[in-house]
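Here is my notebook page on this chain, written up as I went. Have a look at the structure first, then follow along.

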Amino acid sequence: LPSLRTWDVLRALDVVALWPGLEPRGLRAYAHGRQGFILQLAAALDRRIARLEVRRGLGSFARWVSARHYEAADVMSLVIPGVLRHLDLPELPARPS
């Protein structure tokens, strides 16, 4: 599910690029909550997102899964099987807010 949602964000950027009068480079993006990592993934994949701000985000997959008590609501929309074998959110390219 996170991969599909990231794909949706990337396709939304394509729509913005087609919008008359809008400049598709240097876009600013904002997300709030645990789902904000989807925007982080999209920004890592697409340089059109120049500035990114995530408030109250997940922060780190490793920290989330190792927590003794974690919020399990909507957990399947957060899980990317095997992701920690390759990266964690703090390792993604930074986009200043």
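I read the elements from the N terminus as α-β-α-β-α, with helices (H or I, at least four residues) and strands (E, at least two) taken as DSSP runs. The model is predicted, with local features needing pLDDT of at least 70 and side-chain atom pairs pLDDT 80 or more, while totals for chains, interfaces and linings use all residues. Residues are numbered from 1 along each chain as its sequence is written, and side-chain values use heavy atoms, without hydrogens or water.

Next I looked up burial. Buried residues (under 20% relative accessible area; exposed is over 50%, partly exposed in between, 1.4 Å probe, protein chains only) make up 34% of the 97 residues.

Then I turned to charge pairs. My search of the whole structure gave four salt bridges, each a side-chain nitrogen of Lys or Arg within 4 Å of a carboxyl oxygen of Asp or Glu.

I started with Arg11, which pairs with Asp14 at 2.7 Å between the closest N and O atoms. I find both in helix α1 (residues 2-18), three residues apart, about one turn of the helix. Arg11 is partly exposed at 31%, and Asp14 is partly exposed at 28%.

I saw that Asp14 also bridges to Arg48, at 2.9 Å from N to O. Arg48 sits in the loop between α2 (36-45) and β2 (49-55), so this pair ties together parts 34 residues apart in sequence.

Which partner does Arg48 have besides? I noted Asp46, with the closest N and O atoms 2.6 Å apart; both residues are buried. Shared partners join Arg11, Asp14, Asp46 and Arg48 into one network.
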